[in-house]
Amino acid sequence: MPTVSVNRDVLFNALGRFYSDDEFNELCFQYGLEVDDVVDDPEKGITYKIEVGANRYDLLCCEGLALALSVYLGKKSLPNYQLMPAKETEKYKLIVKPSTAQVRPYVVGAVLRNMKFTQAVYDSFIDLQDKLHQNLARKRTLVAIGTHDLDTVSGPFIYDAKVPQDISFVPLNQSQAIRADKLLEMYSHDSHLKEYVPIIKDKPVYPVITDQKGVVLSMPPIINGNHSKITLNTRNVFIECTATDRYKAQIVLDTLVCMFSGYCDQPYTVEPVQVEYPDGERVQYPTLYYRQQEASVSYCNMLTGVNETAESIAAMLTTMSLSAKPQGQDKVIVEVPPTRYDILHECDIAEDFAVAYGFDRLAADMKMPPTNTIGQEFELNYLSDKLRLLLSQNNYTEAATFSLYSRIDMGERMKVNLENESWVKVANPKTTECEAVRISLLPGLLKTLSANKHISLPLKLFEVSDVVLRDTCPSATRGTGARNQRHICAINYNVKVGIEKVQGLLDNIMVALKVPYAGDNNSQGYYLEEKEHPSYFPGFCGSVIISGVPVGHIGLVHPEVITNFNLNNPAAALEIDMQKVLELINLGK
Amino acid sequence: MRASCHNMGAEGMDVQQQILHALEKNGVVISNEFAVSEKETHQKVVGAIKSLESLGNVINVKQIALKTWECTDEGNNLATSGSHEARLFNSLPPEGRSLTDIKASFPNSNFALGAAMKNKWLKKEGEKVIPAVSAIEDEVQIHLKAIAAGGENSVPDKIKAEYKKRKLIKEVDMTVFEVSKGSAFTTSVMKQEAELTKEMIESGQWKGKTFKPFNFKSKGRIEQRSGYLHPLMQLRSEFRQIFLEMGFTEMPTNNYVESAFWNFDALFQPQQHPARDAHDTFYVAEPGKTISVPEDYLQKVKKTHSSGGYGSIGYQYDWSREEAHKNLLRTHTTAVSARMLYKLAQEGFQPVKFFSIDRVFRNETLDATHLAEFNQIEGVVADYSLSIKNLMGLIKGFFEKIGITKLRFKPAYNPYTEPSMEIFSYHEGLKKWVEVGNSGMFRPEMLRPMGIPEKVTVAAWGLSLERPAMIMYGINNIRELVGPRVKMELILDNPLCTIDKFRKQDQPDTSSGPTVESLTKRQELILDRLLALQAKVANIAANMGVKLEDSDTAVTTQLTGGPQLGIIHDVVIYADPRRPPYSLRALANALSTTYSICLRVHCHSTVKEVSEKLQQFWGAKYGVDRSKSSVCLTLVWRQDGDSPTALMPTMTVSPLAANQVCGEHNIGRYLSRLVEVATHSINLYECSSSSVFTAQIDELLDQCHSKFTLGNNRERTSYVRELSAKLDKESYLVGSSITLADLLVLSNLLQLRMLESAPSNVLKWSKGCLEHHLCKYFI
């Protein structure tokens with residue numbers, strides 16, 4: 001969730017009254033905002049850090065928040081954002097060159113005329129661009145905004161993409177012209193800009209916007225030119241947004257102009273910019289499109305659990321910055337303003353209605369749903385719980401370890417060659433602890449032992465949990481190519497320990513599952529057969545077999561494995577594939 | 001205790017019997033004297049007394065610490081083989097020996113000769129030394145033997161002093177026992193049986209036996225460590241139970257690897273959504289691509305995302321099949337809910353209630369509260385025409401089952417639910433609303449492509465399993481709860497997990513605090529423990545021969561030594577100019593009444609500029625010159641960051657002391673003590689005879705620190721209101737004159753610029769304080 005910093009006094013000024021912290025928190029709670037933090041700075045005064053919903057781009061700055069809350073409180077009515085006729089259509093054109101298709105094919109633009117900047121407005125203007133870049137624009141990959149002092153440049157503007165060696169300009173807050181490739185090299189070390197460099201670094205051409213005289217306005221999505229820099233004296237602002245996603249560029253532009261057109265001499269007016277694509281398509285921006293969305297009164301009432309009329313729903317929606325009119329008894333027509341791109345469906349309207357109605361009011365009349373159903377456990381979990389209880393009754397204590405391992409814990413330390421295993425590899429772990437999904441529970445228990453060397457021996461641990469294996473069978477893997485398999489693992493760690501200790505546990509498990517002991521390789525029942533496993537001591541490892549099918553291992557843990565996990569006593573261990581056992585005895589699936 | 005009273009042999013019985021007889025005769029037995037008279041070792045006598053004591057009220061025992069004498073090695077040597085002079089006498093033949101011969105062959109000859117001559121045992125005849133008497137009595141040996149046997153009373157003190165000088169005996173501490181008859185005194189103590197045996201039962205002998213009483217005050221023993229279930233897994237079982245009680249069916253969540261399609265796309269979460277970023281989600285390298293997704297459903301999802309449908313305008317972007325086919329480790333169990341709802345729609349919809357509790361994965365940087373995997377608890381109800389009110393009712397029903405009854409819902413945003421609500425519960429301890437879960441109604445854009453009928457709505461909520469577990473077990477670091485580094489103590493100490501399921505019925509009024517009875521009980525328990533501790537300390541003190549003195553100075557002062565008179569106090573205080581510690585001005589005033597004080601202000605390089613006012617923090621006068629001062633307060637303005645702790649002043653008392661005193665409240669405590677060491681006329685903090693007074697101040701100081709210094713604005717304003725109520729009838733916060741508490745509160749209100757807007761009671765109080773002579777230069 002994005003967090004917006006707002007000066008308390010500026011906000012309260014806009015809201016027309018002073019709120020105590022408690023009162024303001026309560027207002028935010030009602031509206032679905034949250035005061036995350038209050039910072040008191042003797043110079044800047046008190047700043048509220050307010051968390052807003054990730055889909056409410058119109059609340060990402062003080063202007064938008066103040067407007068939305070004023071409308072909610074009934075202190076202001078919604079502004080009507082107006083597109084003025086362009087003064088000089090030709091002059092404020094954006095001509096798109098074909099080569100941009102290789103790197104960043106879309107551009108939109110707008111002009112804010114006769115604006116008044118103060119330091120606070122300027123800071124908020126920059127801050128909103130930053131917030132939009134971070135959230136909606138996905139760190140400038142989808143959309144990048146450039147804002148310019150219109151009076152320093154002369155249109156029409158050209159949006160082109162050129163080889164880096166052919167671009168050279170004085171970037172923002174620099175004094176010397178730098179060639180684009182060198183500039184990117186420089187910015188790859190800049191703490192703020194380096195994250196954007198890879199977006200175009202390896203492209204054959206870099207996007208660049210120039211004016212009629214060839215002055216570089218910006219090299220999106222990296223940096224603007226210094227020439228057209230906005231200052232507190234700027235009166236006319238030219239905004240361009242380049243994009244790889246045309247719709248999001250439209251949202252970004254609409255949001256930006258709506259939020260700041262309030263500072264124009266003629267408030268809430270914007271002048272359009274015409275974009276000319278190479279294929280002859282001509283589009284005028286910003287769209288400032290008011291979309292009509294119908295909402296059914298019965299749907300809103302059903303979802304909210306109330307019984308309100310079309311008039312009252314329309315009235316409540318208006319307090320949520322959605323101007324709405326009733327149409328007949330079961331319809332409300334909502335005019336979705338260009339600031340509310342979050343409204344996709346009438347369910348979004350119903351939610352705003354519910355918020356306006358008040359969640360506290362709804363909660364006062366909450367009720368259980370009439371849905372009558374009979375509860376049912378998942379059989380595998382049911383049987384797992386039974387077995388967990390059985391293992392604890394055998395004086396084994398349960399461990400709860402992670403299903404993500406490091407490769408070294410799962411492979412090298414266990415003397416297992418992972419090349420031969422069908423394990424699931426994580427592509428982008430932040431730490432080595434999360435490189436692999438486990439194929440065995442044993443390493444987790446060994447690590448648990450290692451963290452508990454201060455406990456008197458014997459230490460007897462178990463875990464009943466899932467391992468994950470690659471598998472090409474679509475049905476077994478639910479279409480993904482990997483399936484969970486429930487395992488039982490137990491370990492007995494003591495100064496002196498033999499396999500028979502865990503074998504006794506195995507016998508008890510089998511008694512509980514009513515699997516008979518087959519003794520001498522009788523095919524009915526379970527028996528052990530010597531079998532090598534790299535993690536176990538040679539000659540002291542066996543396969544657990546039920547009706548001829550191997551279901552797991554039992555044995556003395558290999559001394560090297562013991563020392564690899566920083567342990568020093570012998571350990572006998574048992575790991576069986578519980579799901580396979582249940583399959584073989586026709587329990588569970 | 002148990003170990004000391006087992007195994008009394010026949011010999012032990014004899015001594016016990018002797019003690020009892022002696023008691024009957026004399027009424028009292030002193031252990032060491034008894035040992036001497038009966039020629040037993042003291043240790044053995046003490047053992048017998050302990051055994052008798054364990055029988056109940058047969059005897060009364062009083063412990064006495066006393067000083068006694070024992071022989072040194074040399075003394076023991078002389079006790080066995082006789083004094084030097086006696087041995088010399090005995091070694092001489094009747095005709096005597098020459099002096100030179102004696103000196104050459106007899107050890108310690110000088111001393112032996114001198115002593116023997118003095119005793120007139122030997123005489124000198126020419127060169128020869130010859131016996132003067134026919135027989136001697138070796139008094140030294142007799143004395144030393146007596147002392148070695150504990151009979152030192154027979155030896156005159158003067159002689160003991162001489163022996164001590166000669167290093168033959170030394171003084172030692174000794175614990176002896178004075179035994180008297182108990183209320184159940186008897187001389188016929190039977191041998192006690194340690195346990196009831198098979199033989200006794202079979203023969204019926206148990207009827208005539210007495211048994212060693214069982215010590216109910218000791219702990220039991222367990223032969224083998226039991227097996228336990230992990231606390232987190234137990235809590236998981238409890239939540240499963242709750243869902244089952246509510247009629248929910250468990251979903252098969254045993255597939256950690258999931259396709260992006262089911263994890264995100266099916267939930268109408270757009271492909272550019274930040275949650276899908278590699279920073280948040282674990283993608284799978286192998287198997288990197290999912291094998292199959294139902295194609296007709298995929299087409300519907302694609303269309304809904306890219307161009308809308310079912311009444312939605314969609315997200316208007318190019319939906320990528322490749323992106324949807326990526327495999328990942330599921331980020332929520334809602335992926336499984338989506339599969340289940342799709343399956344339900346395919347099989348023909350009917351109302352359902354689903355739940356699951358299982359692992360989900362997030363590509364987090366691991367820290368005390370974040371793990372890469374945790375358990376998500378999720379409940380889903382699908383039925384015709386469910387409303388938010390139904391969702392709220394469900395959540396209330398669910399949380400009541402874990403003892404949480406006060407709930408509020410906050411509008412929220414979630415890509416696949418609309419409306420969405422965050423669930424808050426009122427935390428009695430923190431006195432505020434805290435988030436406990438998330439919930440919402442699934443979007444039609446998610447449900448309709450699956451084939452769920454139009455009138456059906458689906459309500460869902462979720463929370464993590466680990467968070468309630470951490471609260472329940474009082475764990476701050478999640479890695480102490482789950483994972484391979486968990487210490488076994490957690491599991492062994494929490495063998496049973498119970499939740500507060502019955503609170504709703506038993507305690508309708510959940511807003512009330514702890515009851516008076518429970519508080520009384522707690523208080524009594526604490527007092528009992530304190531008494532026991534006191535007895536233990538007294539016992540140790542008696543054993544060690546230490547005399548405890550009552551003290552009316554605070555324990556902290558006793559421990560640290562506290563500020564002392566007569567040394568120069570070089571106190572350096574670092575403070576942030578944004579939070580000037582005004583209370584120090586008043587304390588400096590108080591100090592200057594009794595000390596010659598030097599006051600200085602410096603500015604650290606981290607502070608660019610300090611106002612004139614802060615430059616003159618101590619006022620125009622700077623006190624006396626440092627060389628003539630006994631206390632030097634140096635204030636250094638420094639900026640160390642913006643966090644509440646960085647804004648706190650710190651103090652070092654001597655450049656050599658590594659420990660810093662942090663916070664204006666603690667600095668105030670130190671300086672107040674310094675004032676009070678020198679004078680009893682100023683009573684700011686600890687000097688009063690009443691410890692209640694000091695405790696009240698302490699409480700206020702700590703509250704003031706936590707609310708004003710560390711708290712947020714909300715807490716600050718509410719605390720001011722609290723103080724205002726307190727000051728309604730009082731002119732000072734504690735007692736009838738100004739104290740450190742007043743100074744600190746006033747200082748904080750000034751720092752935070754909260755005084756102007758403070759309630760009238762507080763304003764009146766502050767005016768009163770500021771008129772006090774100590775507060776002359778407060779502002």
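Mentor: Two strands pair if DSSP finds at least two bridges between them. Helices (H or I, at least four residues) and strands (E, at least two) are DSSP runs, numbered from the N terminus.

Trainee: What kind of model is this?

Mentor: This is a predicted model, in which local features need pLDDT of at least 70, side-chain atom pairs count only at pLDDT 80 or more, and totals for chains, interfaces and linings use all residues; side-chain values use heavy atoms, with hydrogens and water left out. Residues are numbered from 1 along each chain as its sequence is written, while chains are lettered from A and ligands numbered from 1 in the order in which they are written.

Trainee: Which residue stands opposite A:Glu529 in S27(A)?

Mentor: The residue opposite A:Glu529 is A:Ser543. Strand S26 (residues 526-530) and strand S27 (residues 536-546) of chain A are antiparallel and pair over 5 bridges. A hairpin of 5 residues connects S26(A) with S27(A).

Trainee: How many helices and strands has chain A?

Mentor: Chain A contains 17 helices and 29 strands. Of its 589 residues, 58% are buried, where buried means under 20% relative accessible area, exposed over 50%, and partly exposed in between (1.4 Å probe, protein chains only). Chain A exposes about 23,700 Å², with 49% of that supplied by carbon and sulfur atoms; such areas come from the Shrake-Rupley method with a 1.4 Å probe, and for residues only the protein chains shown count as cover.

Trainee: And chain B, how many helices and strands are there?

Mentor: Chain B has 30 helices and 23 strands. In chain B, 48% of the 779 residues are buried. Its accessible surface comes to about 38,800 Å², and carbon and sulfur atoms account for 52% of that.

Trainee: Back to chain A, please. Is strand S25 mostly covered or mostly uncovered?

Mentor: S25 of chain A, residues 482-493, is mostly covered, with 11 of its 12 residues buried. Strand S24 (residues 459-470) of chain A pairs with S25(A) in the antiparallel sense over 12 bridges, and within that pairing A:Leu469 faces A:Arg483 as its opposite residue. S25(A) is also joined by 7 bridges to strand S29 (residues 571-577) of chain A, again running antiparallel. There, A:Cys489 has A:Glu575 as its bridge partner.

Trainee: Why does A:Val467 count as buried?

Mentor: A:Val467 counts as buried because its relative accessibility is 0%. This residue is found in S24(A). Beyond neighbours within four places in sequence, A:Val467 is in contact (heavy atoms within 4.5 Å) with several residues, including A:Ile439, A:Leu441, A:Asn484 and A:His487.

Trainee: New topic. What order do the strands of the open sheet of 3 strands have?

Mentor: The order is S17-S19-S18 in chain A, with antiparallel pairing. Strand S17 (291-296) and strand S18 (323-326) of chain A are at the edges with a single partner strand each, so one side of each has no neighbour in the sheet. From one strand to the next, the twist averages 25°. S17(A) pairs with strand S19 (residues 331-336) of chain A over 6 antiparallel bridges, and A:Ser296 is opposite A:Lys331 there.

Trainee: Which helix lies across S17 and S19 of chain A?

Mentor: Helix H8 (residues 297-304) of chain A does, running at about 65° to S17(A). Helix H10 (residues 346-357) of chain A also lies across S17 and S19, at about 70° to S17(A). Axes are lines fitted to C-alpha atoms, for helices over the stretch in contact, and angles run from 0 to 180 degrees between N-to-C directions.

Trainee: Now chain B. At what angle do the axes of H8 and H9 cross?

Mentor: In chain B, the axes of helix H8 (residues 139-148) and helix H9 (residues 157-165) cross at roughly 90° and come within 12 Å. H8(B) is therefore roughly perpendicular to H9(B); angles under 35 degrees count as roughly parallel, over 145 as roughly antiparallel, 65 to 115 as roughly perpendicular and the rest as oblique. The contact involves B:Glu139, B:Val140, B:His143, B:Leu144 and B:Ile147 of H8(B), together with B:Ile159, B:Lys160 and B:Tyr163 of H9(B).

Trainee: Which residues of H7 in chain B are buried?

Mentor: In H7(B), residues 109-118, the buried residues include B:Ser109, B:Ala112 and B:Leu113. The buried residues of H7(B) pack against helix H5 (84-91), helix H6 (99-105), strand S4 (122-125) and strand S5 (128-131) of chain B. Just after H7(B), B:Lys120 has a positive phi of about 60°.
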